[in-house]
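Here is a friendly briefing to read alongside the model. Have the viewer open and follow the topics in turn.

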Amino acid sequence: MKINKTITLFIATWMLLGCGQSQPSPDIFALPVSYMVGKKPEVVMAHDMNNDEFPDLIVVNSAGNSLSYFEGIGNGTFKDAQTIETGREPFAIELADFNGDRIADIALCNYGDGEVSIILGQKDGLFKLKTNVKVGRLPIAIASGDFNNDEINDLAVTLRFNKMIILLGVGDGTFKVAEAYQASPTPAHITIGDYNGDGNEDISLALNAVKVRYLKIFYGNGDGTFAPPKLIKGGSQSSFLTHHDMNLDGKLDLLTSSPMKDSLSIFMGDGKGDFTKLQDFAGEKGPHNIVVGDFTGDKIPDIVVCNRRSGSISVIQGNGDGSFVYPHYNYAVGSQPRSITGADFNRDGMMDIAVVLYQKKILEVFLRKVSAPPMDI
């Protein structure tokens, strides 16, 4: 697919005032460079796929039944897209080494086929389908971890309505279907980490049902099985979930977004498996994907949120204790931004951003400005 390195006209005046703000957003991003992708890009993820120490980008094209792979050059630009054919309606993706060759591979949920495809990376930068694994109806989210402590990556997959499927890695890129767990109502996004400090990987789930106001955490037993889930109260109809140490105490905290409620939530972890929910904070219209990093130059974690209905991303500055500075700052990126990811694309020590626009079939790459002023609010 031919790359389009022209800066699109509709973002020539892309830095706007945020909702309810009294001053312009700081000029911390350069104007984006745009690349064409497939139909209805659902997800974008950054990862070094060919071991050259430069982040690459992979875009999941849900209506195009394909992936677009952009090899990073290391200066903030990318080579022409390589198109990888997939099953029907690819929806979610995980990137990790599944066959032990130290080259990143792809695990892809094909929503329309009820399968997970394992696509192996190779030294020449190309990809090869290894296997398809039947997991059940409408796989919607996927994440990787070592659930049985055998130093082989395993997978957890959520199905749209009520289940979580565990796939244990064999080590050659194939997987054994292990246990299925009830994960109702309406599991959405998942993330994996050790939340209780026992050395075993745990799985946290965001639940998207209308009246649900809690998360679920499945604590790992270390043998590939999980204890009955613990409910973490708080949040409302969550669609995206990630974790980070937001207050720099060495313990993982959880962050969720609710596109229907236009809000975000943070749960402060104690490192022993318990979480304290802080007060919800307002987002813009349709907040979804969250990227955590230092975007303000103060070495304190901030969050950047993709706002699907307002055509913007928001930079929300962290205080270092789990709270945030207001007002936050908004940057227009174009209509229907679907997904966001972050990495240092040009090796200048600062985190950059990539966003996909759902209807326009565009990938936008925003580089941090070296001369950006500090965000002193």
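## Strands, rings and cysteines

T341 has A354 in strand 28 as its bridge partner. The model is predicted, so local features need pLDDT of at least 70 and side-chain atom pairs count only at pLDDT 80 or more, while totals for chains, interfaces and linings use all residues. Residues are numbered from 1 along each chain as its sequence is written, and side-chain values use heavy atoms, leaving out hydrogens and water.

**The open sheet**

- Strands here are DSSP runs (E, at least two residues), numbered from the N terminus.
- Strand 27 and strand 28 (residues 352-357) are antiparallel partners over 6 bridges; two strands pair if DSSP finds at least two bridges between them.
- They belong to an open sheet of 4 strands with antiparallel pairing, in the order 1-29-28-27.
- Strand 1 and strand 27 (337-343) are the edge strands, and each pairs on one side only.
- On average, neighbouring strands of this sheet are turned by 20° against each other, direction ignored; the axes are lines fitted to C-alpha atoms, and angles between N-to-C directions run from 0 to 180 degrees.

- Strand 12 (residues 163-169) is mostly covered, with 6 of its 7 residues buried; buried means under 20% relative accessible area, exposed over 50% and partly exposed in between, with a 1.4 Å probe and protein chains only.
- A hairpin of 3 residues links strand 11 to strand 12, and A156 stands opposite I166 in strand 12.
- Strand 12 also pairs with strand 13, in the antiparallel sense over 6 bridges.
- Across that pairing, M164 stands opposite Y181 in strand 13.
- The hairpin of strand 12 and strand 13 has 5 residues between the strands, and G171 in this hairpin takes a positive phi near 115°.

**Aromatic rings**

- A search of the whole structure finds 14 aromatic pairs; rings of Phe, Tyr and Trp (its six-membered ring) pair if their centres lie within 6.5 Å, with planes under 30 degrees apart stacked, over 60 edge-to-face and the rest tilted.
- Among them, the rings of Y181 and F226 count as edge-to-face because their planes are at 90°, with centres 5.9 Å apart.
- Y181 is in strand 13 (residues 175-182) and F226 in the loop between strand 16 (214-218) and strand 17 (230-233), so the pair ties together parts that are 45 residues apart in sequence.
- Y181 is buried at 10% relative accessible area, and F226 is buried at 7% relative accessibility.
- One aromatic cluster is formed by Y35, F70, F78 and F345.
- R338 lies over the face of Y358, 4.1 Å from the ring centre; a charge sits over a ring if NZ of Lys or CZ of Arg is within 6 Å of the ring centre and within 35 degrees of the ring normal.

**Cysteines**

- How many disulfides does a search of the whole structure find? The search finds 0, where a disulfide is a pair of cysteine sulfur atoms within 2.5 Å.
- For C109, the nearest cysteine sulfur is that of C306, 20 Å away.
- C109 is buried at 0% relative accessibility, and C306 is buried at 0% as well.

**Before strand 1**

- S25 lies in the segment before strand 1 (33-36) and is buried, with a relative accessible area of 8%.
- The S25 side chain reaches the backbone oxygen of N330 at 3.0 Å.

How values were computed
Polar contact = N/O pair within 3.5 Å; in protein donor to acceptor, adjacent residues only side chain to side chain.
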